[in-house]
Amino acid sequence: MDKTNERIFSLDGDTVRVALSFDEKMDRFVREYPDFSIHPRSTPAGRIWVNVTRDDCPFADTEYRDCGSCRFFLCERVGDMIGICTNEKTMVQSIAQDQTGD
Amino acid sequence: MTFESAQNAAARLGVTIRAVQKWAKEGRIPYAYKEGQDWKIPVSAERPDAERFAEERYHEPMPIVHVFPPGKAREYVESIEDPHDRAMALCEYHYMRGEFKECTVIAEPYMDSENPVLRSTSALFCMFSNLCRGHMVKTHYAASVIRKALEEVMSGNYPKETSASCLLCAKFLKVQLHLPLDDLKKMELQMRYLDEGVRLMACYLLAHIAYLEKDYERALGIAETALAFASEDILVPQIYLSIVAAMALMNLMRVNDAREALRYAWRAAERDGFFVPFVEHYSLLQGMVEKEFKNDYPQELEKIRQVAKEFNESWYKVYNEKSNYKVAENLTSTEFTVAMLYSRNWRAKEIAAHMELSERTIMNYITLIYDKLQINSKKELCGFMLR
């Protein structure tokens with residue numbers, strides 16, 4: 001796949017880079033979002049990065065159970081698929097940065 | 001000559017007392033006379049408007065549920081003697097088989113019939129056939145014919161069977177297409193005037209209403225009770241009732257029972273090729289059609305998919321002109337299924353097990369669906385999806 005574009009998500013002092021690539025099977029451009037349930041990541045302040053589709057959070061503040069519908073979800077721009085959780089109950093010690101964003 | 005009161009005459013003729021008094025006053029009932037304040041009517045008097053229906057009289061008030069013997073629907077249709085009955089039976093036969101052009105060719109002339117029930121019934125077939133073909137102007141016109149027929153029977157002196165049939169047609173508009181209709185009488189009160197097959201279709205509508213109100217236990221109860229009482233050869237309502245039972249069972253997370261109900265519906269439908277009920281409920285069956293038909297009925301599945309795509313696109317145009325239209329247009333059938341299940345609070349793991357895909361694949365699908373619809377939450381997705 002050609003990496004023809006990249007978007008940098010910046011929140012709470014941390015950045016995550018997401019590549020845009022052309023998927024021939026789907027015949028469209030798709031973003032290669034990291035799966036934070038497999039590769040956890042947090043900001044220097046200890047706020048965790050989440051995917052909007054995550055639906056197993058015990059502190060979800062919504063009947064819909066997904067991070068995207070939760071009031072604690074913060075994203076850089078409206079409609080983003082990843083963002084950080086601002087709920088203090090989910091804060092962690094800053095997880096060592098892996099290679100997903102840098 | 002023996003006479004009776006206006007009240008007795010009204011009960012015998014199936015009209016209101018006021019209608020009998022009006023006819024008598026107008027001199028339309030021979031030998032009727034007034035004694036004090038009361039009219040005396042000959043017991044042999046007939047309705048003065050009887051000849052109005054003579055040309056187009058048929059036996060079943062709403063022929064949408066002809067008694068098709070399983071596997072012999074076409075032969076049955078050809079055996080019907082009454083030409084109007086046969087025409088409506090043929091409409092139903094063609095519609096159920098997805099032969100929408102053939103259905104509308106027969107039905108359209110009846111939308112000008114003097115008989116409001118024939119008008120309503122033919123308009124119902126035209127409406128849904130044109131919906132499946134994406135002919136929106138004709139769809140809206142047929143809906144208006146149904147509305148006007150209902151207004152006519154509700155304000156005129158029509159037999160209760162007639163008004164019950166027209167009410168049922170109008171109820172289809174409200175329940176299946178969510179079109180606004182004011183002051184619809186409670187259908188439950190009218191059902192007693194309908195024949196068995198039509199009454200079963202009314203039960204299907206009641207179950208569907210309960211489903212839309214998210215009262216899935218009630219929807220299932222109505223469907224199962226109606227099926228228990230249904231005669232074996234009243235085919236079409238059995239298909240619809242089984243399908244609505246499957247829908248309710250899916251929402252109750254009784255997936256195996258839902259699959260059994262769907263298989264029952266298909267066994268009833270397949271011998272005559274009546275696949276259209278599965279098109280109409282494709283989205284509401286939440287991926288079950290895909291899963292159950294994929295291996296054993298691939299050709300039928302492909303046909304259902306094609307017609308369902310057109311049906312859903314047109315349905316959304318009728319239901320919501322703006323925001324919901326892009327749901328049907330942009331999503332593939334698999335994406336649509338995932339979207340439906342996810343919006344019903346199924347977890348990704350459960351969807352993966354149901355569709356025999358990996359959880360990672362389902363998450364990718366959800367991300368893709370969000371991207372296509374330009375949303376980023378389940379809350380927004382629920383706002384799009386069918387209820």
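How many residue pairs are in polar contact across the interface of chain A and chain B? Hold that thought while we walk through the points below.

1. Before anything else, keep in mind that this is a predicted model. The rule finds nine residue pairs in polar contact across the interface of chain A and chain B, counting pairs where both residues are at pLDDT 80 or more. On the side of chain A that touches chain B, the residues split into nine charged, eight nonpolar and four polar.

2. Now for the size of that interface. Chain A puts 21 residues into the contact, and chain B puts in 18 residues. Between them the two chains bury about 1,700 Å², with 54% of it on carbon and sulfur atoms. In case you wonder about that unit, the size of an interface is often given as the accessible area lost when the parts come together.

3. Salt bridges turn up here too: the rule finds two across the interface of chain A and chain B. One to look up in your viewer pairs D35(A) with R360(B), where the closest N and O atoms are 2.9 Å apart.

4. Next, have a look inside chain B. Helix 19 (residues 333-343) of chain B packs against helix 21 (residues 359-373) of chain B at an angle of about 95°, and their axes are 10 Å apart. Angles of 65 to 115 degrees count as roughly perpendicular, so that is what we call helix 19 and helix 21 of chain B. Helix 19 of chain B makes the contact through residues including V338(B) and Y342(B), while helix 21 of chain B uses, among others, I362(B) and Y365(B). By class, this helix contact has nine nonpolar, two charged and one polar residue.

5. Last, some backbone angles to check. Most residues other than glycine have a negative phi. K214(B), not a glycine, has a positive phi of about 65°, and it sits in the loop between helix 11 (196-212) and helix 12 (216-229) of chain B. Q286(B) also has a positive phi, near 50°; Q286(B) is in the loop between helix 15 (276-280) and helix 16 (288-296) of chain B.

Note on methods
Residues numbered from 1 in each chain as written. Chains lettered and ligands numbered in written order. Predicted model: local features only at pLDDT ≥ 70, side-chain atom pairs only at ≥ 80, totals over all residues. Heavy atoms only, no water. Contact = heavy atoms within 4.5 Å. Buried area = accessible area lost by both parts, 1.4 Å probe. Salt bridge = Lys/Arg side-chain N within 4 Å of Asp/Glu carboxyl O. Polar contact = N/O pair within 3.5 Å; in protein donor to acceptor, adjacent residues only side chain to side chain. Nonpolar A, V, L, I, M, F, W, Y, C, P; charged D, E, K, R; others polar. Axes fitted to C-alpha atoms, helices over the stretch in contact; angles between N-to-C directions. Helix = DSSP H or I, 4+ residues; strand = E, 2+ residues; numbered from the N terminus. Parallel < 35°, antiparallel > 145°, perpendicular 65-115°, else oblique.
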